[in-house]
Amino acid sequence: MEERDWTIIKYLYEHKNITKTARILYLSQPALTARIKHIEERLNTKIITRGNKGISFTPAGEFVANYANEMVRNLNRFREELSNMDNEVRGVLRIAAPNFVNYRLSRLLGEFKDLYPHVEYNIFTAQSSDVIAGMNSQDLHFGFVLNDFGWRDDEKMVVAEDTLCIANRHQFSLDDLPQMVRVDYVMDSYHRNFLDTWWETTFASAPKTGILVSSLDVCMEMINSGLGYAIVPSMAIAENDNLYKVKLQDKDKRVVLRKTWLLYRKELMHLNITKAFMDFMKKVRFN
């Protein structure tokens with residue numbers, strides 16, 4: 001068994017989906033399917049079964065998946081501790097964040113790379129709840145989330161506060177929204193529930209969603225093309241754009257702020273790479 005085989009089993013078990021696992025590992029679906037077949041041949045046992053609702057793990061597959069998790073975790077720890085011995089900042093930094101954070105994270109990682117050129121990155125896009133799961137399983141060094149989910153107070157810090165804005169290419173009033181076409185995008189479930197609650201307490205009718213896109217980036221392109229309005233974080237709106245914006249307010253007319261949290265684990269702060277990134281995040285401006 002090669003190291004990548006343990007990684008394949010780990011992510012396949014987590015997502016129970018061939019397509020998603022292939023995308024995460026930058027493999028084609030045929031290549032991943034062929035590799036799974038090879039793994040089963042090497043182990044001389046069936047580890048997954050396919051059905052109408054996707055894949056499921058056999059009892060033997062459950063055992064193999066648990067072992068794969070330990071193997072990947074131990075290999076990561078081995079590399080981290082080994083690279084830590086030369087007192088240089090090097091290695092692979094594992095970070096997960098919701099899609100919207102990528103607006104800022106790419107810039108920050110570029111700055112960090114300038115300071116520490118020997119650092120590599122594994123960046124995972126995930127909803128806040130999945131980020132929490134990754135932090136709990138110790139698969140991640142750091143996680144960015146919209147909701148801290150009660151994470152320990154001494155292992156988190158607020159790195160940004162954004163306003164939520166209703167953005168449209170043309171001028172509008174709040175009362176116009178139920179009749180206007182809305183561009184919606186796939187978002188964190190916490191953010192989705194918040195927006196749904198805000199709408200229900202503000203309007204008597206459902207929103208007129210005309211377009212649903214996969215990401216905030218595509219959503220902004222749609223708005224700029226005049227295809228509808230959207231409710232987006234202020235960081236997604238460039239200062240020099242031509243959009244008409246109204247800040248979201250709660251029922252007491254207070255501007256809605258959305259916090260972004262950075263989660264970490266104190267037990268990992270002895271590593272040169274995690275300590276350097278934590279010190280970096282304390283100094284930079286995330287907004």
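Here are a few friendly notes on this predicted model, on its cores and on one of its helices.

1. Let's start with the largest nonpolar core, which has 28 residues. Its members that touch the most other members are Ile166, Leu177, Trp198, Cys219, Met220, Val232 and Leu248. Two or more residues come from each of these elements: strand 6 (156-168), strand 7 (181-185), helix 7 (189-202), helix 8 (216-224) and strand 9 (230-233).

2. Leaving aside residues up to four places away in sequence, Leu177 touches Ile166, Phe172, Trp198, Trp199, Phe203 and Tyr229.

3. Another core, of 27 residues, lies apart from the largest one. Its residues include Val101, Leu262, Phe277 and Met278.

4. With 26 residues at 1.5 Å a residue, helix 4 should span 38 Å, and its end C-alpha atoms are 38 Å apart, so the two values agree.

5. Which residues of helix 4 are buried? They are Gly61, Val64, Ala65, Ala68, Asn69, Val72, Arg73, Asn76, Glu80, Ser83 and Asn84. These buried residues pack against helix 1 (3-15), helix 3 (29-43), strand 2 (54-57), strand 3 (91-97) and helix 9 (272-283).

6. Arg77 also sits in helix 4, which covers residues 59-84. Why does Arg77 count as partly exposed? Its relative accessibility is 36%, and partly exposed covers the range between under 20% (buried) and over 50% (exposed). From Arg77 to Leu268 is 191 residues in sequence, while their C-alpha atoms are 10.0 Å apart in space.

Conventions. Residues are numbered from 1 along each chain as its sequence is written. This is a predicted model: local features need pLDDT of at least 70, side-chain atom pairs count only at pLDDT 80 or more; totals for chains, interfaces and linings use all residues. Side-chain values use heavy atoms; hydrogens and water are left out. A nonpolar core is a set of buried Ala, Val, Leu, Ile, Met, Phe, Trp, Tyr and Cys residues joined through side-chain atoms within 4.5 Å. Buried means under 20% relative accessible area, exposed over 50%, partly exposed in between (1.4 Å probe, protein chains only). Helices (H or I, at least four residues) and strands (E, at least two) are DSSP runs, numbered from the N terminus. Contact means heavy atoms within 4.5 Å. The expected span of a helix is 1.5 Å times one less than its number of residues.
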